[in-house]
Amino acid sequence: MKNYTALIIDMKKSRSYTIEDRNAIQYYIFDVLEKLNDLFSYALAKNVEFSAGDEVQGLFICPEAAYLYFRIFSMLISPTQ
């Protein structure tokens, strides 16, 4: 049996943004996810993608890749948390 690592990210205070800003942020995040999923394809059991509202989820075959993915993702979407 394989052990997988789940990655779940939820945008902080997403309701505080206007609908236009929130949509723009989500479109940008979608582009970032697409690029990172390509970069980390070797380590993904399931692509990181939007699951509900402003939450994204993915499944990795190793925890190190999940952590690195999260760190790069966080840097690319900064200052949004």
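## An exposed arginine

Arg 15 is exposed, with a relative accessible area of 73%. On this scale, buried means under 20% relative accessible area, exposed means over 50%, and partly exposed is in between, using a 1.4 Å probe and protein chains only. You will find Arg 15 in the loop between strand E1 (5–10) and H1. Helices (H or I, at least four residues) and strands (E, at least two) are DSSP runs, numbered from the N terminus. Arg 15 and Asp 54 are 39 residues apart in sequence, and their C-alpha atoms are 9.5 Å apart in space.

Before going on, a word on the model itself. It is a predicted one: local features need pLDDT of at least 70 and side-chain atom pairs count only at pLDDT 80 or more, while totals for chains, interfaces and linings use all residues. Residues are numbered from 1 along each chain as its sequence is written, and side-chain values use heavy atoms, with hydrogens and water left out.

## The overall fold

How many helices and strands does the chain have? There are 2 helices and 3 strands, and from the N terminus on they run β-α-β-β-α. The radius of gyration is 13 Å, close to the 12 Å that the globule rule gives for 81 residues, so the chain is as compact as a globular protein of that length. Here the radius is taken over C-alpha atoms, and the rule is 2.2 Å times the number of residues to the power 0.38. Along the principal axes, the C-alpha atoms fill a box of roughly 45 × 20 × 15 Å.

Buried residues make up 31% of the 81 residues. Among contacts (heavy atoms within 4.5 Å) with a separation of 6 or more, 58% join residues 24 or more positions apart.

Arg 22 lies in helix H1 (residues 19–39). Is this arginine buried or exposed? Arg 22 is buried, with a relative accessible area of 17%. Arg 22 and Glu 64 are 42 residues apart in sequence and 30 Å apart in space, C-alpha to C-alpha.

Now turn to Ile 72, found in helix H2 (residues 63–77). Ile 72 counts as partly exposed, at 22% relative accessibility. Leaving aside its neighbours within four places in sequence, Ile 72 is in contact with Leu 36 and Phe 40. Ile 72 and Leu 36 are 36 residues apart in sequence, yet 8.4 Å apart in space, C-alpha to C-alpha.

## A cluster of rings

A pair of aromatic rings is described by the distance of the centres and the angle of the planes. Rings of Phe, Tyr and Trp (its six-membered ring) pair if their centres lie within 6.5 Å; planes under 30 degrees apart count as stacked, over 60 as edge-to-face and the rest as tilted. By this rule the count comes to 3 aromatic pairs. One of them joins Phe 40 and Tyr 42: the centres are 6.2 Å apart and the planes are at 20°, so the pair is stacked. Phe 40 is buried, with a relative accessible area of 3%, whereas Tyr 42 is exposed, at 58%.

The rings of Phe 60 and Tyr 69 have their centres 5.3 Å apart and their planes at 70°, so this pair is edge-to-face. Both Phe 60 and Tyr 69 are buried. Ring pairs link Phe 40, Tyr 42, Phe 60 and Tyr 69 into a cluster.
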